[in-house]
Amino acid sequence: MLSRSMKRFLSLHDFEKAAKERLPVPLYAYVSGAVEDEQSINANRSAFRRYAFRPDVLVDVSRIDTSMTLLGKRYVSPAGIAPMGLSSMTSYRGDVAMAVAARKAGALCIMSGSSLIRLEEVMDAAPGTWFQAYLPGRQDQIDALIARVAAAGVETLVLTVDTPVAANRENNIRAGFSTPLRPSLSLAWQGVSHPRWLFGTFIKTLLRHGMPHFENNYATRGAPIMSSNVLRDFSDRGHLNWTHAADVRRQWKGPMVIKGILNPADARRAREMGADAVIVSNHGGRQLDGSVAPLLVLPEIVEAAGSMPVMIDSGVRRGTDVLKALALGAKAAWIGRPFNYAATVGGEAGVSHALKLIHDEIRRDMGLLGVTSLEAIRRDHLADA
Ligand code: FNR
């Protein structure tokens with residue numbers, strides 16, 4: 001049953017406005033923001049408008065199957081929740097809310113390695129959730145991370161590779177967001193003037209779980225998010241290269257996915273290294289500003305990848321976006337920010353509703369396109385717009 005409070009959210013876009021009202025300015029800026037001149041975040045959306053549909057008509061679409069198999073598992077649809085760090089700062093136990101909602105729906109979900117909640121807790125609450133890691137800088141940390149992730153029962157490991165150095169998040173500085181959050185009068189005022197977040201997320205977390213910890217699965221247990229040395233161990237990653245990824249491949253027995261690929265040569269390298277899949281992504285426009293919109297390079301990467309599945313994220317908001325990505329050869333499409341907003345406004349129920357919205361859109365759009373299965377979506381269903 002759809003709760004009354006969710007009825008007003010008719011599309012993924014609708015969650016953003018409500019989340020913006022609810023969140024302290026620095027937190028909304030952290031989630032919504034991108035980098036520098038916002039070229040990539042804007043390009044991500046406009047890339048989808050470069051393609052238009054050529055539907056087939058008079059096809060029997062009375063039965064439509066949106067499901068698919070990926071890395072040996074069956075999922076209800078090709079749309080999933082992308083990994084987002086610090087989600088439990090914007091919504092109470094946000095990482096758990098997202099993973100549990102996805103599990104109940106049979107949907108894809110990747111937990112971020114930069115979560116404030118221990119990965120073991122998320123895996124217990126929602127087995128089958130994929131886990132995303134940034135490789136820490138030292139070999140012993142990498143080994144410890146892989147051992148811990150395996151012990152937690154994770155099946156699919158996603159390595160994010162587009163963050164060799166910290167991005168230039170000017171918007172975070174302007175808005176007063178930092179990790180760790182620096183206590184200040186203005187931050188306190190932001191809390192007080194956003195009481196639903198203050199009591200529903202921050203104080204509730206404090207009372208039930210203590211100060212949110214950045215013990216995020218990198219074996220640095222116990223560094224409070226408000227403390228001054230968070231992430232210090234992890235800022236020194238610039239030397240990491242394909243040899244490190246290959247080493248992880250040797251150690252990790254389950255499916256391994258490389259996230260953050262934007263050129264065909266890297267997709268080839270990932271395949272040769274033994275990756276099971278790649279995600280074409282510019283990190284939602286949050287890393288190198290001016291990096292190409294993933295949709296535009298998807299076809300050449302699909303070609304280079306051969307039989308290795310290729311997925312996409314960055315700017316996906318509609319069922320039609322998902323179908324365009326699939327027509328260009330993607331196996332699945334991941335969505336970031338809207339699910340964070342959905343958790344912010346409605347917790348697990350909000351995420352469930354958001355998943356239902358995108359799922360219903362995919363089904364409806366398949367019917368309108370004249371296909372009854374995802375395999376039936378063809379390149380020539382698209383024309384240049
Ligand atoms: C991210 N993203 C991200 N990616 C990742 O691999 N690890 C992470 O910890 C995070 N953290 C993160 C936090 C927030 C607030 C956002 C918005 C994004 C990137 C994310 O997985 C995905 O690539 C983009 O969000 C996709 O773009 P859209 O759908 O947000 O446009």
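Leucine 71 is partly exposed, because 18 other C-beta atoms lie within 10 Å. On this scale a residue is buried if 20 or more other C-beta atoms lie within 10 Å of its own, exposed if 12 or fewer, and partly exposed in between, with C-beta atoms placed from the backbone. Leucine 71 sits in the loop between strand S2 (68–70) and strand S3 (73–75). Helices (H or I, at least four residues) and strands (E, at least two) are DSSP runs, numbered from the N terminus. The phi angle of leucine 71 is near 50°, a positive value in a residue other than glycine.

The structure is a predicted model, in which local features need pLDDT of at least 70, side-chain atom pairs count only at pLDDT 80 or more, and totals for chains, interfaces and linings use all residues. Residues are numbered from 1 along each chain as its sequence is written.

**Confidence**

The pLDDT is the predictor's confidence in each residue, from 0 to 100. The chain averages a pLDDT of 92, and 93% of the residues score at least 70. Over residues 219–232, however, the pLDDT is below 50. This stretch has 34 contacts in the model beyond near neighbours in sequence; two residues are in contact if their C-beta atoms, placed from the backbone, lie within 7 Å. Where pLDDT is low, the predicted coordinates should not be read in detail. The model scores ipTM 1.00 and pTM 0.96.

**Single residues**

Arginine 93 also has a phi near 50°, a positive value in a residue other than glycine. Arginine 93 lies in the loop between helix H4 (87–90) and helix H5 (94–105). Arginine 93 counts as buried because 25 C-beta neighbours lie inside 10 Å.

Glycine 80 belongs to strand S4 (residues 79–81) and is buried, with 25 other C-beta atoms within 10 Å. Leaving out residues up to four places away in sequence, glycine 80 touches Ala107, Leu108, Cys109, Ala332 and Trp334. The C-alpha atoms of glycine 80 and phenylalanine 339 are separated by 9.5 Å, although these residues are 259 residues apart along the chain.

Valine 192 is in helix H9 (residues 185–192). Valine 192 is exposed, because 10 other C-beta atoms lie within 10 Å. From valine 192 to isoleucine 146 is 46 residues in sequence and 40 Å in space, C-alpha to C-alpha.

Two strands pair if DSSP finds at least two bridges between them. S6 pairs with strand S5 (residues 108–111) in the parallel sense, and tryptophan 130 in S6 is the bridge partner of isoleucine 110. S6 also pairs in the parallel sense with strand S7 (residues 157–160), where valine 158 is the bridge partner of glutamine 132.

A crossover is right-handed if, with the strands pointing away from the viewer, the path from the first strand over the helix to the second runs clockwise. From S6 the chain crosses through helix H7 (residues 139–151) to S7, and this β-α-β crossover is right-handed.

Valine 278 in S9 stands opposite isoleucine 258. In S10, methionine 311 is the bridge partner of isoleucine 279. S8, helix H12 (residues 264–273) and S9 form a right-handed β-α-β unit. The chain then crosses from S9 through helix H13 (residues 294–305) to S10, again in a right-handed β-α-β crossover.

| Strand | Partner | Bridges |
|---|---|---|
| S5 (residues 108–111) | S6 | two bridges |
| S6 | S7 (residues 157–160) | three bridges |
| S8 (residues 256–261) | S9 | four bridges |
| S9 | S10 (residues 310–313) | three bridges |

**The ligand**

The ligand is surrounded by 23 residues, and the closest are Ala82, Gly85, Thr160, Gly284 and Gly336. A residue is near a molecule if its C-beta atom, placed from the backbone, lies within 6 Å of it. By class, the shell has six nonpolar, 13 polar and four charged residues. Ala, Val, Leu, Ile, Met, Phe, Trp, Tyr, Cys and Pro count as nonpolar, Asp, Glu, Lys and Arg as charged, and the others, Gly among them, as polar.
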